[in-house]
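User: I would like to learn how to read charged pairs and sheet layout from a set of coordinates. Could we work through an example together?

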Amino acid sequence: MLGDSAQDLEGAVRQNAANGSDAGVAVAVLDDYQNVAREYGDWENLPGDTEVVVFDEHIADREELVRRLARFDVVAVMRERTAFPREVLEALPKLRLLVTTGMGNAAIDTEAATENGVTVCGTGNGSSTGGDWAPTAELTWGLILALARGIPQEDRAVRAGGWQHTIGVDLAGRTLGVLGLGRLGGQVATVGRAFGMEVLAFSENLTEERASEFGARAVGKRELFAASDVVTIHMRLSERSRGLVGRPEIDAMGPEGYLINTSRGPLVDEPELIAALHEGRIGGAGIDVYEREPLPADDPWRSAPRTVLTPHIGYVSETTYRAFYTETVEDIRRFLQGSPVRVLNGG
């Protein structure tokens with residue numbers, strides 16, 4: 001079915017050309033918040049009659065999304081910013097190719113895509129340069145340092161004419177808890193050791209040998225939260241891991257603990273964490289990911305105290321974006337040639 005959809009689209013384009021029609025392939029690029037997709041992708045490598053339309057705002061309403069995408073043959077999406085469940089895919093009969101950045105996207109119903117003749121292709125995340133885990137590890141430490149040294153508060157104070165309002169927390173000699181010791185968590189742990197921190201780690205099936213590769217000690221989940229001054233989350237979201245950090249874990253950290261989340265919002269019980277921040281039951285939180293994205297204007301996170309908040313930018317870097325959009329263009333070009341690559345819904 002996948003090959004047929006590519007050949008059908010390629011054949012239609014050729015027929016239009018033979019008939020003298022200027023109708024080419026219409027490509028929609030969604031959720032380009034910074035309006036940089038054209039800069040980082042070599043779109044000129046697509047056929048000359050390809051129309052590329054970039055949407056720099058998020059289309060949250062499902063009916064509006066279907067209406068605006070109805071005329072497009074190809075849609076390129078950024079990570080999990082816009083969902084493509086069965087009902088959306090079935091409402092877009094013209095769609096033949098859906099390209100997602102990354103080699104997996106939980107927001108796309110790939111089974112429904114296959115049933116509706118839609119090929120789903122991914123991008124390789126720029127894996128030759130560390131993919132999207134290196135910039136996320138860097139942002140993780142940015143959030144930790146911002147919390148520990150009160151950087152946002154002092155920046156605002158200096159600009160307002162003030163001088164020295166906070167007393168920083170030393171990281172050397174403190175304990176870092178890493179929840180999830182994969183490639184990303186391992187990088188964060190390595191930096192923690194460089195700062196002179198003791199590093200504890202927990203994940204399912206983590207061995208002492210694996211933990212020692214990153215200078216960490218494997219412990220149970222309860223011990224990790226009770227013993228750590230800073231806990232940083234680097235786990236995949238699944239039904240099993242949803243709500244992994246709730247009130248017991250938050251309370252175990254105490255009023256001086258910092259929680260960092262650069263993975264996925266639903267890994268943490270957000271109402272419990274926000275309540276703990278307001279009540280002083282936890283020292284602070286550095287958050288890059290949320291249950292709802294983009295955050296609504298009236299979202300409780302926007303007024304949560306003792307926080308450093310960033311808008312899901314862990315993977316947003318020049319290297320990652322160049323890889324994402326370059327490979328997005330390659331996916332589209334190869335699909336139009338009848339030889340799709342990095343196909344995620346085989347068959």
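User: With which residue does R342 form a salt bridge, and how far apart are the closest N and O atoms?

Analyst: Before the pair itself, note that this is a predicted model, in which local features need pLDDT of at least 70 and side-chain atom pairs count only at pLDDT 80 or more, while totals for chains, interfaces and linings use all residues. Residues are numbered from 1 along each chain as its sequence is written, and side-chain values use heavy atoms, with hydrogens and water left out. A salt bridge is a side-chain nitrogen of Lys or Arg within 4 Å of a carboxyl oxygen of Asp or Glu. Here R342 pairs with E330, and their closest N and O atoms are 2.8 Å apart. E330 belongs to helix 13 (318-336) and R342 to the segment after that helix, so the pair ties together parts that are 12 residues apart in sequence; helices (H or I, at least four residues) and strands (E, at least two) are DSSP runs, numbered from the N terminus.

User: How many salt bridges does a search of the whole structure find, and which parts does the pair of R264 and E80 tie together?

Analyst: The search finds 23 salt bridges. R264 sits in the loop between strand 10 (258-261) and helix 12 (270-279), and E80 in the loop between strand 3 (74-77) and helix 4 (86-90), so their bridge links parts 184 residues apart in sequence. The closest N and O atoms of R264 and E80 are 3.1 Å apart.

User: Is R264 buried or exposed?

Analyst: Buried means under 20% relative accessible area, exposed over 50%, and partly exposed in between (1.4 Å probe, protein chains only). R264, at 19%, counts as buried, whereas E80, at 32%, is partly exposed.

User: In what order do the seven strands of the open sheet lie?

Analyst: Two strands pair if DSSP finds at least two bridges between them. In this open sheet the order is 8-7-6-9-10-11-12, with parallel pairing. Strand 8 and strand 12 (307-309) are at the edges with a single partner strand each, so one side of each is left without a neighbour in the sheet. Within the sheet, strand 9 (residues 230-233) is joined to strand 10 by four bridges, and V230 stands opposite Y258 in strand 10.

User: Which strands does helix 8 lie across?

Analyst: Axes are lines fitted to C-alpha atoms, for helices over the stretch in contact (heavy atoms within 4.5 Å), and angles run from 0 to 180 degrees between N-to-C directions. Helix 8 (residues 183-194) lies across strand 6, strand 7 and strand 9, at about 175 degrees to strand 6.
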